[in-house]
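Hi,

Here is the structure I promised to pass on to you. Have a look at it first, and my notes on what turned up follow below.

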Amino acid sequence: MTNELMNPSTTKIRTLEPIIFYSGKDDELQIFLNEKEYGELIIKSLSDSQLKVKEVFLQETNEKLEWKQDYKGLRISVPEGLEISGSSMGRVLKVTF
């Protein structure tokens with residue numbers, strides 16, 4: 001579920017309630033995004049009052065993504081042209097903490 005907001009520079013900012021999985025590792029979560037979720041994504045449930053994020057990267061390629069975390073949530077910058085190989089069902093982000 002997303003709520004789209006537009007800022008004056010027309011950059012898309014979306015607040016997400018994505019599917020988040022515990023990966024089984026002590027310090028890692030996985031976030032499932034569909035192929036249409038790109039731009040500035042805000043995940044409110046991952047605010048810095050919940051846990052402290054160390055890194056965010058694309059699971060498939062280990063490409064590091066830009067991110068910022070504060071009391072409002074985890075804000076991740078997902079480039080529009082980011083390729084999804086294999087299936088167009090979506091992508092998985094890994095969040096380490």
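Let's start with arginine 75, which is partly exposed because its relative accessibility comes to 32%, between the 20% and 50% cut-offs for that class. Keep in mind while you look that this is a predicted model.

What does the side chain of arginine 75 meet in a salt bridge? The partner is glutamate 40, with 3.2 Å from N to O. Arginine 75 sits in strand β8 and glutamate 40 in strand β5 (residues 39–43), so this pair ties together parts that lie 35 residues apart in sequence.

Searching the whole structure gives 2 salt bridges. Lysine 64 counts as exposed, because its relative accessibility is 60%, whereas glutamate 55 is partly exposed, with a relative accessible area of 28%.

Arginine 75 also turns up in the largest pocket, as one of its lining residues. That pocket holds about 160 Å³ of space. If you want to colour the rest of the lining, pick Thr15, Ile42, Lys44, Lys68, Gln69, Asp70, Lys72 and Gly73 too. Two elements, β7 (66–70) and β8 (73–78), each give two or more residues to this lining. Which element gives the most? That is β7, with 3 residues. Sorted by class, the lining has 5 charged, 3 polar and 1 nonpolar residues.

On to the rings. A look for aromatic pairs came back with 0 in the structure. There is a charge over a ring, though: arginine 14 lies over the face of tyrosine 38, 5.3 Å from the ring centre.

You'll find asparagine 62 in the loop between β6 (55–58) and β7. Is asparagine 62 exposed or partly exposed? Its relative accessibility is 48%, so it counts as partly exposed; over 50% would be needed for exposed.

Cheers

Note on methods. Residues numbered from 1 in each chain as written. Predicted model: local features only at pLDDT ≥ 70, side-chain atom pairs only at ≥ 80, totals over all residues. Heavy atoms only, no water. Phe/Tyr/Trp six-rings, centres within 6.5 Å; stacked < 30°, edge-to-face > 60°. Lys NZ or Arg CZ within 6 Å of the ring centre and 35° of its normal. 1 Å grid on protein atoms, 1.4 Å probe; cavity = no way out; pocket = protein on both sides within 12 Å on 5 of 7 lines; lining within 4 Å. Points joined across faces, edges and corners; volume = space filled by probe spheres on them. Helix = DSSP H or I, 4+ residues; strand = E, 2+ residues; numbered from the N terminus. Nonpolar A, V, L, I, M, F, W, Y, C, P; charged D, E, K, R; others polar. Salt bridge = Lys/Arg side-chain N within 4 Å of Asp/Glu carboxyl O. Buried < 20%, exposed > 50% of the residue type's maximum accessible area, 1.4 Å probe, protein only.
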